[in-house]
Structure formats: structure tokens, C-alpha cells
Amino acid sequence: MVLKGENTGIGRKCALKYLYNMFSIWEKETVLAPQDVVIAGGGFAGLWTAFHLLRRYPKARIAVLEKDFMSMGASTRNAGFACFGSLGELVADATEIGNDSMLDLVALRYRGLKQIRKYWKPSDIDLDWCGGYELFPPGGFSSEVLAENIEYINRLLRPITGEKHTFRECSNKISRFGFGNTSAMVVNEGEGALHAGKLAGALRRHLQRKGVQLLHSVSVTAFTEESNSVEVHTDRDFSVKAHYLAVCTNTAAGSLLPELSVTPARGQVLLTSPIEGLPWRGTFHADEGYYYFRNLGNRVLLGGARNKAFDEERSNEHATTPLIQGELERFLNEVILPGKHGTYSIELRWSGIMGMGTDKYPVMGSVRPRILAAVALGGIGVAVAPEAGRKLAKLVNL
């Protein structure tokens, strides 16, 4: 139906009013009713924010608006790592941003992992503390420098992890694991893997049981700030009034909050067919965390190589590219499964879009009086999102 004057400002308002009046009384008093908090984004940041809001305010009225039919950012399109930083990454971070900032990041991630351990049964989300390993190629750290870095980072991390030896060398396992082009290996037994889809599903089911409204295929397009509330506008021709809006989606952060700088970073992944007699299990990193792989049963899940094409991978497009996929296959053939080319196939390829800020620390806090944000989680949202959600919940005063 074409409404007269609908392309004008007045006509647009009339059209929206007309469409709003098509909703039933039941819908107006539930879906469209005023909320305490509207959360833009149904990934881990949004779900954990709702989770902690309910812990703080059990009777709060909360609506989570997700622009896709399911969350398709990075939350359920990652590798399912429960990690807080490989040795090489932490050494590089200490050099780039300083010890204090590096330790702040580790502490944030470590507290997030403790929350996952606290609130969910391992069997519900396939949580396995199988250990996190890092591979170092020939010509990387010398044995002396590697030992110095391990001792140095362990000393810095001791107040956070409570462990005297968070990292330790385990190069004796290289031949047993069958890795190629690897001269040294380090393990962190405080890391592991989980099923990201099952964790997101467990969070959604918990929120639904508590009365949170989860609306999919609804995108927050704008908001109007008022003295004691915020009007949240959507692409579905309805608005919702709330006391607070929490922006928990990287893709909309730039348009909704132009004062924030969030750069997309695409992470590409592949999954092999089953491999008979796969000799290792666990989560693994290489090249300061830019390559990462794990076993999924007896298949290999491998992702990364973004550092081979930074500019091209600053993209919001869900796609895989020949360059990155070819580099992942090279790493698979030369490092992970040397000599086994042709004994397996690639079953799946996909990508997820991460959000990066101006520095490595995520954006999580109050942006405006009634506008909160948890974005730019830096590609490690599994560990960071629980703490981001808890911080945002503490800023809400109902």
C-alpha cells in the first residue's frame, strides 16, 4: 500500500503510525512494550549483558534485538577456543602496549573464562580444558630466549592465574604430535576448547526462561535520547522505549555511535574430514596467535592467516577467499599434517567478522548517559564477553 506523502518526513511518520496500529493489543503490551534495557546484538556480548542484568535485576524487562535470523558475527563462527593469550602473543603485547596493559587484558580474559567454568556444566557446552599449545618455527626464539620469556611471563601472570608455571616448554611432544616446521612448543594447561554454538544456545535458553525477549531479524537503526529514556528505532517500522540501550554489535557500532572506532576483521576457518589416528588433541596457536587450530573429534579445525592480507580482511563480508584459504591449506599440509596430503579433504569453509578497536583493549562501558557499549572485543569474545556483560550490567541503575 502506498500512503500519500510517505516520502516526506510527515508522510513517513504517518506511515509508521499506520503500521504500528496494525499490531495487536497483545503485541503492543509485550514485544512493543517499554523495556528497562534494549540490547542491540544477539552474540556473546549481548547475551552475557542480558545474563548479568538478570542477576542484578531479576525482574528487569529486557529485549535483545539481533539483525540476522541467528547471530552471525564472530560468536558462533569462531574456532571455539577458551583461551587468554599464547606466550608469543603476550610477549608481543608486552612490547607493543606495555606490561600493565598486557596484564589487564589477560586478567579480563581469565576472569571471563572463570565465569564460563562457574555458570555452565562442561557437558552442556563441550567444555574441555585440554590445554593450549603454541608452535614456534625454526629461526624463531632461540632456546635461551624462549626459556627467558617463559620465566618472565610466568612471573608476571602469577598474581592472575595463581600458578607458578602458567606456561612451560613441551618441545618433546613435537615428534609424537607429528608437526612439521616446528622447533619448539609451549603448553598452557589453563586453556581449552568449547562448542560456541552450544554456549550461545545455553545462554539463549536461560534468558528465555527468565522472560527476556529475543527478537531476530530486527536491526537497531538509530536511537533518540530523551531525559529519562531512549527511543530505540528499528528497521521493522517500530520503536521501543527503554531506560537504557546497550550496543553490543560491532557491525552497527560505527553508525549508531560514530564517536567509536570499530574496524571489522574477518577471520576465515576450514574444517577437514575425519583423520584416522589423529595423534594430538587440544588447542594450538602459531605466529603470535594469527594461526590457530584444534581437534574437533578426529577432524582438524584451522583458522587465521589474517596477517597475510590485513587490508583485504578488514571486511564485513561473510566470504572465504582463495588467498587466505590457500595459506591455511599450506599451513595444514606443511605444519599440522605433513606427509598426509591426499588422506583427507576439506569439508567446510566459513568466516566470521570480529571487531577491533584503536588499541587491543575492548570498548565496554558508558558512552552516553543512557547508552552503553560492549564492542571491539578483539577476536577473543568467548573469554571477554562475560566480563563485558558484567561491567555493563553494573552501569545500569533501575
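Leaving aside neighbours within four places in sequence, Ile-39 touches Gly-46, Thr-49, Ala-50, Leu-53, Ile-62, Ala-63, Val-64, Leu-65, Ala-246 and Cys-248, where contact means heavy atoms within 4.5 Å. The model is predicted: local features need pLDDT of at least 70, side-chain atom pairs count only at pLDDT 80 or more, and totals for chains, interfaces and linings use all residues. Residues are numbered from 1 along each chain as its sequence is written, and side-chain values use heavy atoms, with hydrogens and water left out.

**Confidence**
- The protein chain has a mean pLDDT of 93, and 95% of its residues reach 70 or more; pLDDT is the predictor's confidence in each residue, from 0 to 100.
- Over residues 1–10 pLDDT stays under 50, and the model has 8 contacts beyond four places in sequence for them.
- Where pLDDT is low, the predicted coordinates should not be read in detail.

- Ile-39 belongs to strand 1 (residues 35–40); helices (H or I, at least four residues) and strands (E, at least two) are DSSP runs, numbered from the N terminus.
- With a relative accessible area of 0%, Ile-39 is buried; the term means under 20% relative accessible area, with exposed over 50% and partly exposed in between (1.4 Å probe, protein chains only).
- Between Ile-39 and Gly-85 there are 29 Å in space, C-alpha to C-alpha, and the two are 46 residues apart in sequence.
- Thr-249 sits in the loop between strand 11 and helix 10 (250–256), and Thr-249 counts as buried because its relative accessibility is 15%.
- Beyond its neighbours within four places in sequence, Thr-249 is in contact with Ala-40, Gly-41 and Val-375.

**Helix 12**
- The 14 residues of helix 12 (residues 381–394) should span 20 Å at 1.5 Å a residue, and its end C-alpha atoms are 19 Å apart, which agrees; the expected span is 1.5 Å times one less than the number of residues.
- Helix 12 is mostly covered, with 11 of its 14 residues buried, among them Gly-381, Pro-386, Glu-387 and Leu-392.
- The cover over these buried residues includes helix 3 (44–56), helix 5 (99–119), strand 11 (239–247) and strand 17 (363–368).

**Domains**
- Domain 1 comprises 33–76 + 198–261 + 360–395, and domain 2 comprises 130–190 + 262–356; the bounds come from an automatic or database domain assignment.
- Their contact takes 13 residues from domain 1 and 9 residues from domain 2.
- The centres of domain 1 and domain 2, taken over C-alpha atoms, are 31 Å apart.
- About 820 Å² is buried between domain 1 and domain 2, and carbon and sulfur atoms give 60% of this area; buried area is the accessible area (1.4 Å probe) that two parts lose on being put together, summed over both.
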